[in-house]
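Notebook open, model loaded. I'll jot down what I look up as I go.

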Amino acid sequence: MKSKLVLLITLLMSHSAVAFQFDNFQQPYLDMVEETFDKEKAYNTVAFVEQYFRVVGNEGFNKSIYYVADKLEKAGFVNEEQATSGDRLVYRIEKRSLSRKTWEPVAGSLKLASGVEILNFASNRNMIAINSFSTKGSQDFEMVFVGDSKPADFDDYDMEGKVVVGSGSVRMFFQEAVEKRGALGVMVYDIPDFNQPTKHINSISFKGIPLNEEKKSFAILLSTRAYEQLMDALFVDQYGIQVNLETRIYEAEELTLVAELRGSQKPDERFVFSAHVQEPGANDNASGVGVLSEVAASSARLLKAGRIDPERTITYLFGDEIVSTRRYVQEDPERAKGIKWGMSLDMVGEDTEKTGGTFLIEKMPDPGAVWVRGIEKHTEWGGQPLSKDRIKPHYFNDLVISVFEKIGDDRDWEVRFNPFEGGSDHVPFLQGNIPGLLLWHFTDQFYHTDGDRIDKVSKETLHNVGLGALTIALMLTEHQDHLADMVLLNTSTAATIRLQQEMNLSKSNIENGADKDEELEILNTWIDYYSKAFETVMDIEPKDQRAFKKNLEETRSAMITFSNLLRSQLH
């Protein structure tokens, strides 16, 4: 079997007449981006953005957008309103009316009636739930404790005119206690286990409540320590608290920054990056904004120096998570036809020695998202096995993984991948039938907490992610002569390795009593996935169509031979 495998790998690799293998092909791009990507500038952008509690339309969100726009202008991008037809580096800030008012926190404190301070906004900026209204200065309230009671039990408590304390969903507490039962506010403890709340006893996860302009009420989010202090007070019949909250709620616009390096030959075909601006954390997602802004600035410097000449357009989106990307994909059907690849940058700066977790590439749905086994692992963020009809065969997964694994090997930086889970800006691409994936980190013990600050961000991680992201975009948009051959070579090599792994796993499972037909279905699904992934390389539009089609036919033939060999091992 080993000798046949070696022979087959050799056959797969010999399909291209190109002298260089994939690593040699990507190395000049890596070297070029390495020279120009400035991790200090990326970090400085993260530091600026993370100082604000960013909600779409609020002052901090808008300042972040204009900060990035100013950075791009300094790098050579021209506002579309002043740009000429010959300008290749352009940007615009799209403005839309928000259907809802925006919100931002200003100050806040929670004290016991005795004067003991439980929480203060200065040290716990997630303590005020999004869409909470201000109190009338410092107000006295009476608490009623319901613990983890469910809504069906809420009628057993006298909530009217009081502040309800418990654990669970803050949105549910607000709707059931304030909107339905007349409570004046709620204070809720709800921190996932992966945030390690017993270790980080002062951490608070940010969350929101409905914006209710009739009730004009509030919700306070509690840390482990604060929740315990309140329970201790209630245990000795101390029900009084003092709440002082200041927030701003006002009409606003939604801003989206769209920047482009226009392609020289195929400007309507594009690689689209997306980084969302809203959410209050440093890693989530000031880090995505920092990396993408420096990716854009680096590409501008390379273009101006005459070192690159992308045939296709590179687009850089900054806006509201999922909303801005979905709009970009859906609002212009003609533009959408030219979007060939999408990449979301979300939580890409972690100092993993502090945050835990690892850098991850969340793949487009492949068979590993249907049968989550072997090297496939869902994160603690959460994911469910998909149905087979959601599989999207494409070379993009293995291309991105290969580039980042090389960076990881060169820099002793851990790179992993995970099955599709969703929840970020890669989703609108996939919903538009566009190849799209996510660069991120998990599990981050400070995810969505007020511990996600600049001290948890690594300049080296920002650099590594920016290096890989821009290298991939340049490879695909510069469209060099042998790009398609190199991508096919990379995909076929990845196929050989993965199919061998799947056969070994299925063979072991059968030996341990698994159903042979089910195991064969898994292997056949992977075979079908890669057979179709090879075909997608045609969307690169190979420069030498005749030579490439010959290579593709040789790869198909080798795959058939190899697949039959693997199937025989399961009979």
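Phe-534 sits in helix 15, residues 516-536; helices here are DSSP runs of H or I with at least four residues, strands are E runs of at least two, and both are numbered from the N terminus.

Next I looked up what Phe-534 touches, skipping its neighbours within four places in sequence: Leu-488, Thr-491, Ser-492, Ala-495, Leu-552, Thr-555 and Met-559. Contact means heavy atoms within 4.5 Å. I also checked Val-487, which is 47 residues from Phe-534 in sequence and 9.1 Å away in space, C-alpha to C-alpha.

A note on the ground rules: this is a predicted model, so local features need pLDDT of at least 70 and side-chain atom pairs count only at pLDDT 80 or more, while totals for chains, interfaces and linings use all residues. Residues are numbered from 1 along each chain as its sequence is written, and side-chain values use heavy atoms, with hydrogens and water left out.

Then the cores. A nonpolar core is a set of buried Ala, Val, Leu, Ile, Met, Phe, Trp, Tyr and Cys residues joined through side-chain atoms within 4.5 Å. The largest one has 113 residues, and Phe-273, Tyr-316, Met-343, Phe-396 and Leu-439 touch the most other members. I also found a second, separate core of 48 residues, with Leu-119, Val-164, Met-187 and Leu-222 among them. Back to Leu-439: beyond its neighbours within four places in sequence, its contacts include Met-343, Phe-359, Val-400, Phe-404 and Val-465.

On to the sheets. Which order do the 9 strands of the open sheet take? I read 1-2-10-12-11-13-16-14-15, with mixed pairing; two strands pair if DSSP finds at least two bridges between them. Strand 1 (78-79) and strand 15 (415-418) are at the edges with a single partner strand each, so one side of each has no neighbour in the sheet. Strand 10 (residues 253-261) and strand 12 (residues 312-319) run antiparallel and are joined by 5 bridges. Val-258 stands opposite Leu-317 in strand 12.

There is also an open sheet of 7 strands, ordered 4-3-9-5-6-7-8, again mixed in its pairing. Its edges are strand 4 (117-120) and strand 8 (218-221), each with a single partner strand, so one side of each lacks a neighbour in the sheet. Strand 5 (residues 138-147) runs parallel to strand 6 (residues 163-167), and 4 bridges join them. Met-143 has Val-163 in strand 6 as its bridge partner.

Last, helix packing. Helix 4 (residues 59-75) and helix 7 (residues 286-304) pack at about 15°, axes 9 Å apart. Axes are lines fitted to C-alpha atoms, for helices over the stretch in contact, and angles run from 0 to 180 degrees between N-to-C directions. Helix 4 and helix 7 are therefore roughly parallel; angles under 35 degrees count as roughly parallel, over 145 as roughly antiparallel, 65 to 115 as roughly perpendicular and the rest as oblique. Helix 3 (residues 39-50) packs against helix 4 at about 155°, axes 10 Å apart. That pair is therefore roughly antiparallel.

Conventions
Buried < 20%, exposed > 50% of the residue type's maximum accessible area, 1.4 Å probe, protein only.
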